[in-house]
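These are my notebook entries on a structure that I looked through element by element. I wrote down what I looked up and how each term was meant.

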Amino acid sequence: MTGVPLLLVHPGDHGVAVYARELASAIRERSDEVRTVDPPALTSLAAGTAVHAHFTDRLWGDSPEEASSTFGALARRLRISVTLHDLPQESDGERNLPRRRRAYALVAAAATGVTVNSEHERALLQEEGVWTGPATAIPLPVELQADAVEQSSDGSLGVLGYFYPGKGHDEAAQAAATAGMTRMTVLGRASDGHAADLDAFVRRAADLGVEVEVTGWLDDREIARRGRAVAVPVIAHRHISASGSLASWIGWGRRPVAVRNRYIDEMAMLRPGTLSPVDATDLAEAVRRAVEVPRITWHGLARLPLSRADVADAYLRVWERGQR
């Protein structure tokens, strides 16, 4: 097989770093030609070495400008293809949106190949003026766990993943209150720099009569256990390009109530029966129905399209073709 690059893997618990490591492991299982490299080792690579990286600005620098500058410097010496995550969009706000647009445009232009994680993101590239050239869409995988079966509920509404403004926690808390629920579980911790925002959210939820438990970081086994225990899993992001949280819910056997947008509709078509898409105005009513009929929060499927091995094969096919 020709054209298989080194796979850049970052340390830490950032979702993109975790996904890059998991995907690299899956790709290595499919091809013995694949090797990984960590960021400090990049400087010792020979000029022109082919590398594949995963890029989100928060993983590559303290600002969009620093992140794109770091990537660009490497791309001038190495042949780097890239999977883009957390694409710029309107919910970034007036200040950050143009900065992130410029950063992602610089990265896409410097890369030897561009991949995204959904058709929704491929459309965003053009809509946000980031990249008008070719790009490959390879959806995030879902690994269905063996114990993904219906079990007893802890009575709470659950939102999964790092807390940050726009993740949909306020919308979920309001829906819980309207539906008569009094407990909410935030499965995760505050994203870096957003601890005060999380504290403020907990107070706002309390004002609605909803008590919030923040679990903090949990290992894979414990977060899966807690995710299977919540009464109603909810996805209500305002800023969404591709969602690892959605993939986790489905892998645990859950069928989350998900506020509709282009990405949610795409994933509902990709894996029929694994989501309960609703309009934002209908979120509270959907939560109420899920409380009344708990079985609809479980998909009960034994097989799902696009496992981690399937996604690994998709990347290998792209590199075999030498596709940009």
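**Entry 1**

I began with Asp-92, which I found in the loop between S4 and H4; the helices (H or I, at least four residues) and strands (E, at least two) are DSSP runs, numbered from the N terminus. I noted that this is a predicted model, in which local features need pLDDT of at least 70 and side-chain atom pairs count only at pLDDT 80 or more, while totals for chains, interfaces and linings use all residues. I also noted that residues are numbered from 1 along each chain as its sequence is written, and that side-chain values use heavy atoms, with hydrogens and water left out.

Is Asp-92 buried or exposed? With a relative accessible area of 16%, Asp-92 is buried, where buried means under 20% relative accessible area, exposed over 50% and partly exposed in between (1.4 Å probe, protein chains only). Setting aside neighbours within four places in sequence, I listed Leu-87, Leu-97, Arg-100 and His-239 as the residues in contact with Asp-92, contact being heavy atoms within 4.5 Å. I then looked up Gly-166, which is 74 residues from Asp-92 in sequence and 8.9 Å from it in space, C-alpha to C-alpha.

Asp-86 also has its place in the loop between S4 and H4, and at 27% relative accessibility it counts as partly exposed. Its phi is positive, about 55°, although Asp-86 is not a glycine.

**Entry 2: H3 beside H4**

Two packed helices are described by the angle between their axes and the distance between the axes. For H3 (residues 64-75) and H4 (residues 93-110) I wrote down an angle of about 10° and axes 9 Å apart; the axes are lines fitted to C-alpha atoms, for helices over the stretch in contact, and angles run from 0 to 180 degrees between N-to-C directions. That makes H3 roughly parallel to H4, since angles under 35 degrees count as roughly parallel, over 145 as roughly antiparallel, 65 to 115 as roughly perpendicular and the rest as oblique. The contact is made by Pro-64, Glu-65, Ser-68, Phe-71 and Ala-75 of H3, together with Arg-99, Arg-100, Ala-103, Leu-106, Val-107 and Ala-110 of H4.

**Entry 3: the buried side of H5**

Which residues of H5 (residues 119-127) are buried? I found His-120, Glu-121, Leu-124 and Leu-125. They cover an arc of only 150° around the axis, which puts them on the same side of H5; the arc is that of the directions from the helix axis to the C-beta atoms. An α-helix has 3.6 residues a turn, so residues three or four places apart point the same way. The cover over the buried residues of H5 includes strand S4 (79-84), strand S5 (113-116) and helix H10 (262-270). After H5 comes Gly-129, with a positive phi near 70°.

**Entry 4: H6 and its partners**

The axes of H6 (residues 169-178) and H7 (residues 195-207) come within 10 Å and cross at roughly 15°, which makes H6 roughly parallel to H7. In this pair, His-169, Asp-170 and Ala-173 of H6 meet Phe-201, Arg-204 and Ala-205 of H7.

With H11 (residues 283-292), H6 packs at an angle of about 60°, the axes being 8 Å apart, and that makes H6 oblique to H11. Here I listed Glu-171, Ala-175 and Thr-178 of H6 and Leu-283, Ala-284, Val-287 and Arg-288 of H11.
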